[in-house]
Amino acid sequence: MIVISMISIILLSTFSLMFYNQGQLNILLMLLIFTSILPFYYRYENRKPRAREIVVLAVTIALCVSSRVLFIITPAFKPMCAMIIIVSLVFGKEFGFLCGSMSAVISNIFFGQGPWTPYQMMALALIGLISGCFMDKEYNQSKVFLLLSGILSGVFYSMLLDIWTVLSIDQTILWSRYIAILIASLPTTLIYCISNVIFLWVLTPILMRKLTRVRIKYEF
């Protein structure tokens, strides 16, 4: 893992100056995202996970992707982020990170891949990682916790994706433009937050119980 991280840092350092001088900040940030995600995948593969763990991870990713596809007619109002949070609360940080990043890239097979995909991968991966920090906490199913999780994850996802929106215009970062885009995207951000809260309140009591049984049965 250390070797992979060092190689990633060297490659990023080598190309970053060239991209920065050419004004290609979008490419630089995508490289940074990929080099940040890579060690997590390497660590997971290097510890040789059991077949049962791979199957459960694949099934949870499939559930998250399906939840986004099923709500294809309602832009922004989707349960995928809530599903990732629930999965992370049950299986932990690493599982949540992998589930979040893979759900983003796989679901975009249906919604369209593009330079925005790495930003979605990182946003959902970090949401899964942070949510996993609250695994087995006695308050992780309380209404207050779910409310805060839904709102904060919706705001964080929107803010990170708006970075790509700013860079997609002319490859430069202007704080005034970023703030303007944040304000313009407030209705969409609000839908993110509302959908997260609703689906967390509805799905958490059901999925937490089912997924916890799976975790105990297969000795995660």
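Residues are numbered from 1 along each chain as its sequence is written, and side-chain values rest on heavy atoms, with hydrogens and water left out. Because the model is predicted, local features need pLDDT of at least 70 and side-chain atom pairs count only at pLDDT 80 or more, whereas totals for chains, interfaces and linings use all residues.

The protein contains nine helices and zero strands, where helices (H or I, at least four residues) and strands (E, at least two) are DSSP runs numbered from the N terminus. Along the sequence the pattern reads α-α-α-α-α-α-α-α-α. Of the 220 residues in the protein, 44% are buried; buried denotes under 20% relative accessible area, exposed over 50%, and partly exposed the range in between, for a 1.4 Å probe and protein chains only.

Pockets were located on a 1 Å grid over the protein atoms alone, a pocket being an open set of points where a 1.4 Å probe fits, with protein on both sides within 12 Å along at least five of seven lines; lining residues have an atom within 4 Å of a point. Grid points are joined across faces, edges and corners, and a volume is the space filled by probe spheres set on the points. The largest pocket holds about 430 Å³. It is lined by 22 residues, of which Arg68, Ala76, Gln120, Tyr157 and Tyr192 are the closest to its centre. At least two lining residues each come from helix H4 (80–91), helix H5 (93–111), helix H6 (117–132), helix H7 (143–170) and helix H9 (186–217). H7 supplies the largest share, seven residues. By class, the lining of the largest pocket comprises eleven nonpolar, eight polar and three charged residues; Ala, Val, Leu, Ile, Met, Phe, Trp, Tyr, Cys and Pro count as nonpolar, Asp, Glu, Lys and Arg as charged, and the others, Gly among them, as polar.

The second largest pocket has a volume of about 210 Å³. Its lining includes Ile85, Leu126, Phe134, Phe145, Leu152 and Phe156. H6 and H7 are the elements that give two or more residues to this lining, and H7 gives the most, with six. The lining of the second largest pocket has nine nonpolar, three polar and no charged residues.

Aromatic pairs were assigned to rings of Phe, Tyr and Trp (its six-membered ring) with centres within 6.5 Å; planes under 30 degrees apart count as stacked, over 60 as edge-to-face and the rest as tilted. The count comes to nine aromatic pairs. Phe134 and Tyr139 form an edge-to-face pair, at 6.4 Å centre to centre and 70° between the planes. Both members of this pair are partly exposed, Phe134 at 28% relative accessibility and Tyr139 at 39%. A further edge-to-face pair joins Trp175 and Tyr178, with 6.0 Å between centres and 80° between the planes. These two residues are separated by about one helical turn because they lie three residues apart in helix H8 (residues 175–184). Trp175 is exposed, at 62% relative accessible area, while Tyr178 is buried, at 12%. Phe71, Phe77 and Phe199 are linked by ring pairs into a cluster.

The charged end of Arg68, a residue of the largest pocket lining, sits over the ring of Phe111, 4.1 Å from its centre; this assignment requires NZ of Lys or CZ of Arg within 6 Å of the ring centre and within 35 degrees of the ring normal.

Ile198 lies in helix H9 and is partly exposed, with a relative accessible area of 38%. Ile198 and Phe77 are 121 residues apart in sequence, and their C-alpha atoms are 9.9 Å apart in space.

Zero disulfides are present, a disulfide being a pair of cysteine sulfur atoms within 2.5 Å. Cys64 is in no disulfide, and its nearest cysteine sulfur, that of Cys99, is 3.7 Å away. Cys64 is buried at 0% relative accessible area, whereas Cys133 is partly exposed at 45%.

Most residues other than glycine have a negative phi. Ala76 has a positive phi of about 75° although it is not a glycine, and is found in the loop between helix H3 (51–70) and H4. Asp136, also a residue other than glycine, has a positive phi near 65°. Asp136 is placed in the loop between H6 and H7 and is exposed, with a relative accessible area of 54%.
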